[in-house]
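Please keep the structure at hand while reading.

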Amino acid sequence: MKKVSVLAAAAAVALGMTATSCGDSKTNVGLKSDVDSVSYAIGVSFGSGLHDQLKTLPGGEANIDALIAGFVTSIQGDSTKMSVEKARDYMQTYFVQASAKEAKKNKEEGEKFLAENGKNKDVITTESGLQYQVITEGTGAKPTTKDRVKVHYTGTLLDGTKFDSSVDRGEPAVFGVNQVIKGWTEGLQLMPVGSKYIFWIPSDLAYGDRAMPGSPIKANSVLKFEVELLEIVKQ
């Protein structure tokens, strides 16, 4: 569950303002003293950590204008529309309800997708519910849970949103077969070295009803991975 605190709201103010120093003609906040500059720096610091989180609130992307308005009225001591206590209670209730609603929706959409995807003649569904498609079948050995592997992979959500990629980083990942989510552990053991598979991992074999902070992965998300098994790493 995510909460937006008053300090967090300051970050949104920083995102909505720019400095007149540094030669930017489009700015509208003057930094005339060291205190002005450090105040702005605090806002930038908060904003950099909050920027992605505000895009992934349960129920939709945050309304930055409303957030700034709430911050300004609070800092001015105006509690006419909403007191601090009421704001905290409202946030807690909202996040609980919105998260539950979003998780339910994701679960239903994921189950519907997997049911349809499983009808594809090229897609194999295992007993656990993991689905995979062979793109290239290698000829090497298959790893076990005791092995470490080197892989290239790209992970996306069902809507195509990319959330992780060793390919984009330009460096393969190395890890133990039993050190990853259940869907990966099962899937890797199906792959001979040199293979490239696509995996569709049900939420209960991924992160379940947990949303990943700072990530587009929501509760009950089905994850899609394109995985190339490069080698079994010798201990």
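Which side chain meets that of aspartate 168 in a salt bridge? The partner is lysine 162, and the N to O distance in this predicted model is 2.9 Å. Aspartate 168 counts as exposed because its relative accessibility is 52%, where exposed means over 50%, whereas lysine 162, with a relative accessible area of 46%, is partly exposed.

**Salt bridges**

| Aspartate 168 | Lysine 162 | 2.9 Å |

Side chains of opposite charge can pair when their charged atoms come close.

**Aspartate 164**

Aspartate 164 belongs to strand β4, which covers residues 162-165, and at 26% relative accessibility it counts as partly exposed. Once residues up to four places away in sequence are set aside, aspartate 164 touches Tyr153, Thr154, Gly155 and Arg169. Its side chain is joined to that of tyrosine 153 by a polar contact of 2.7 Å, and although these two residues are 11 apart in sequence, their C-alpha atoms lie 8.1 Å apart in space. A polar contact of 2.6 Å also joins the side chains of aspartate 164 and arginine 169.

Helix α4, residues 84-117, has 34 residues and reaches 48 Å from its first C-alpha to its last, close to the 50 Å expected at 1.5 Å a residue. Its buried residues are Phe95, Ala98, Ala103, Asn106, Gly110, Leu114 and Asn117, and they pack against β2 (131-136) and β6.

Serine 203 is found in the loop between β6 (196-201) and β7 (223-233). Because its relative accessibility is 5%, serine 203 counts as buried; leaving aside neighbours within four places in sequence, it is in contact with Lys107, Gly208, Asn220, Ser221 and Val222.

**Confidence**

The chain averages a pLDDT of 85, and 87% of the residues score at least 70. Over residues 1-27, however, the pLDDT is below 50, and this stretch has 53 contacts in the model beyond near neighbours in sequence. Where pLDDT is low, the predicted coordinates should not be read in detail.

Technical notes
Residues are numbered from 1 along each chain as its sequence is written. This is a predicted model: local features need pLDDT of at least 70, side-chain atom pairs count only at pLDDT 80 or more; totals for chains, interfaces and linings use all residues. Side-chain values use heavy atoms; hydrogens and water are left out. Helices (H or I, at least four residues) and strands (E, at least two) are DSSP runs, numbered from the N terminus. Buried means under 20% relative accessible area, exposed over 50%, partly exposed in between (1.4 Å probe, protein chains only). Contact means heavy atoms within 4.5 Å. A polar contact is a pair of N or O atoms within 3.5 Å; within protein, one must be able to donate a hydrogen and the other to accept it, and residues adjacent in sequence count only if both atoms are side-chain atoms. The expected span of a helix is 1.5 Å times one less than its number of residues. pLDDT is the predictor's confidence in each residue, from 0 to 100. A salt bridge is a side-chain nitrogen of Lys or Arg within 4 Å of a carboxyl oxygen of Asp or Glu.
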